Amino acid sequence: MKTIIEPFRIKSVEPIRFTTREERQALLKSVDYNLFALKSEDVIIDLLTDSGTSAMSAEQWAAIMRGDESYAGSPSFIRFEAAVRDLMDFKHIIPTHQGRAAEAILFSLIAGPGKVIPSNTHFDTTRGNIEGTGARAFDLVIAEGKDPQNLHPFKGNMDLDKLEAFLVEHGDAVPCVMTTITNNAGGGQPVSLENIRATAKISRAHNVPFIIDSCRFAENAWFIKQREPGQGDRSIKDIVRDMFELADGMTMSAKKDAFANIGGWLAMNDDDLAQKARTRLIQTEGFPTYGGLAGRDLDAIAQGLSEIINEDYLRYRVRTNEYIVERLDAMGIPVVKPAGGHAVFIDARAWLDHVEPLKYPGQALAVALYEIGGIRSCEIGTVMFGRHPDGSESPAAMDLVRLAMPRRVYTQSHADYIVEVFEEVQATKDDLRGFEIVEEPPMMRHFTAKFGKLG
Ligand code: F0G
């Protein structure tokens, strides 16, 4: 069949409240044009994030009822640990309440002033947790990964020459090498198995642990199966196991590729580091058999991990984004190609080329999508990455707007509606104006900054 249908039926629904354009104009003003400050009830299609927004399956809800809330040694933990280990065979698996808690624990132990940590591209919380310790974070993605139109199949790949040179230059100042799969900040682009293998090899040669930021591991494995020579006949599970066998540790947000609404973990093979991490976990999150989670959350994750590697799901998942990208591309809208795993990314800098980067073209587009169609998206560009620890500001590598797809939540007609809203924006896009930031915190400003519309 030509149509790739949603591989599920809907048993429980949430109503969408429709607003008018006038209402949305007033709402935008009331939140100083920061979409994070909107009430979700005032959003028609919420594409702010794919994190924690998944629809859980009937089996996950059943697992929630099975959850055991014992403080220590809960069977929910045993099931969680077994489900993780089935895919990622690390010696120590340490639950946390979400991905950034895993990052915070890891970097509190291995980072600090004078340290430098390379990645293909750090996500904002990862960067924030590294820089918060006084260390510095560096992005070494391949050049193709920064070119929205380049059709390279693995635009999340690490630039291996740059990594080698980085490790030679910085020596003992590098406590770990990271790779983010898929590369969220770079357009949801995958990293090839070959690149993961080479990154692991270079790291090992320099005696530096290799850590995978694993949030969207199943989508990454799907792309490997589709695009990497020799991988097409392998199961997603085998590919996943291969990816993680190459690493010394991982951080994970179960809010993405575990279909859970909350949760995460930190895993590693190093006994000494694990002991320190568990001690820190007890201080900040909870006892090592629950982390910051309820037993029922651990069970929802365990079940979610068995569903996320389903190929019918992954095929539908990636196809939704491809469909929107194809339609926008046909309309001449500059989109990041190929389509990312969890999101559609619009190149706002190229599309709104009359708005200069320091007037935040991504913000201008995100605001227009909400005003015109009630769609909430997320700027991933100069607002998010333009302010540096020394206080200076410069344009980010790209000014993207991300339409992140919650898992199993929206249907084909929602996708068609999204495309229609873009048609409307296209008709008036030359009138869109940039923004200035009138108030911002010292770090991670995009969450709480206040904006003023430029005339
Ligand atoms: N790493 C990556 C690549 C992420 O995308 C995220 C979260 C995290 C780490 C942190 O995980 O939210 O569980 O603490 N990304 C979400 C997003 C917030 O919208 O992309 P968390």
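The model is predicted; I took local features at pLDDT of at least 70 and side-chain atom pairs at pLDDT 80 or more, with totals for chains, interfaces and linings over all residues. Residues are numbered from 1 along each chain as its sequence is written, and side-chain values use heavy atoms, without hydrogens and water.

I then noted the geometry.

I listed the contact residues (heavy atoms within 4.5 Å). Helix 4 contributes Arg-100, Glu-103, Ala-104 and Phe-107, and helix 5 contributes Thr-125, Thr-126, Asn-129 and Ile-130. Sorted by class, the contact has three nonpolar, three polar and two charged residues.

I turned to the whole chain and found 16 helices and 14 strands (DSSP runs, H or I of at least four residues for helices and E of at least two for strands). The radius of gyration (over C-alpha atoms) is 21 Å, close to the 23 Å of the globule rule for 455 residues, so the chain is as compact as a globular protein of that length. The rule is 2.2 Å times the number of residues to the power 0.38.

I read the span of the C-alpha trace along its principal axes as about 60 × 55 × 45 Å. Of the 455 residues, 58% count as buried (under 20% relative accessible area, 1.4 Å probe, protein chains only).

Definitions and conventions: Ala, Val, Leu, Ile, Met, Phe, Trp, Tyr, Cys and Pro count as nonpolar, Asp, Glu, Lys and Arg as charged, and the others, Gly among them, as polar. Buried means under 20% relative accessible area, exposed over 50%, partly exposed in between (1.4 Å probe, protein chains only).
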